[in-house]
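Subject: Structure handover

Hello,

I am passing this structure on to you. Please open it first, then read my notes below.

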Amino acid sequence: MPARVTAVPRARRCVRELLGGTDHPQTDDALLLVTELVTNAVRYSDSGRCPAGRVSIAVADHDGTLHIDVVDAGSSENRPTLCLETCPDSGGGRGLWLLQEVATTWGWYETATGRVVWFQLAGK
């Protein structure tokens, strides 16, 4: 999808539709984390800086564990960094902290064409 602010609700809708029939107990958490990661991709990656920039999402369910990738063009200036302290008045800076707190596990890696930030949510 185009790496614009409008991608955030679109990504959420897509994941909701994909998980709608699964009754996965972590669906709400998956939607929250997808929202955070797509927002980060649009704000901080080269995808969001390029008129033709794109963000992709991959969703898999393996034996009750969700695995979700958010793929963007990456950035030489910005790398996913967990901020443990943010200003209480700040409107941002908590996305990766939420990821750390909510996901069963998460990580990121560079590819030849960009970056993948991924997370897993185990079924409860």
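**What I found**

The protein exposes about 7,100 Å², and carbon and sulfur atoms supply 52% of that area. Keep in mind that this is a predicted model. Of the 124 residues, 37% count as buried.

**Layout**

The protein has 4 helices and 4 strands. From the N terminus on, the elements run α-α-α-β-β-α-β-β. Among contacts with a separation of 6 or more, 61% are between residues 24 or more positions apart.

**Sheet**

The 4 strands form an open sheet in the order S1-S2-S4-S3, and the pairing is antiparallel. Strand S1 (56-62) and strand S3 (105-110) stand at the edges. Each has a single partner strand, so one side of each is left without a neighbour in the sheet. From one strand to the next, the twist averages 15 degrees.

S2 and S4 pair in the antiparallel sense, over 7 bridges. Look for His 67 there: it stands opposite Gln 120 in S4. Helix H1 lies across S1 and S2. H1 runs at about 20 degrees to S1.

**Core**

The largest nonpolar core has 26 residues. Those with the most contacts inside it are Val 34, Leu 37, Val 38, Leu 99, Ala 103, Phe 119 and Leu 121. Several elements each supply at least two residues of this core: helix H1 (7-19), helix H2 (27-44), strand S2 (65-72), helix H4 (95-102) and strand S4 (115-121). The largest share, 8 residues, comes from H2.

Ala 103 is one to click on. Leaving out residues up to four places away in sequence, Ala 103 touches Leu 33, Leu 98, Phe 119, Gln 120 and Leu 121. Of these, Phe 119 and Leu 121 are also listed among the core residues with the most contacts. Gln 120 is the residue that His 67 stands opposite.

**Ala 41**

Is Ala 41 buried or exposed? Its relative accessibility is 1%, so Ala 41 counts as buried. Ala 41 is found in helix H2. What does Ala 41 touch, not counting residues up to four places away in sequence? The answer is Gly 48, Val 55, Val 70 and Asp 72. Ala 41 and Arg 4 are 37 residues apart along the chain, and their C-alpha atoms are separated by 9.2 Å.

Best wishes

Terms used
Residues numbered from 1 in each chain as written. Predicted model: local features only at pLDDT ≥ 70, side-chain atom pairs only at ≥ 80, totals over all residues. Heavy atoms only, no water. Core = buried A, V, L, I, M, F, W, Y, C linked by side-chain atoms within 4.5 Å. Buried < 20%, exposed > 50% of the residue type's maximum accessible area, 1.4 Å probe, protein only. Contact = heavy atoms within 4.5 Å. Pairing = 2+ DSSP bridges. Axes fitted to C-alpha atoms, helices over the stretch in contact; angles between N-to-C directions. Areas by Shrake-Rupley, 256 points an atom, 1.4 Å probe, with all protein chains shown as cover.
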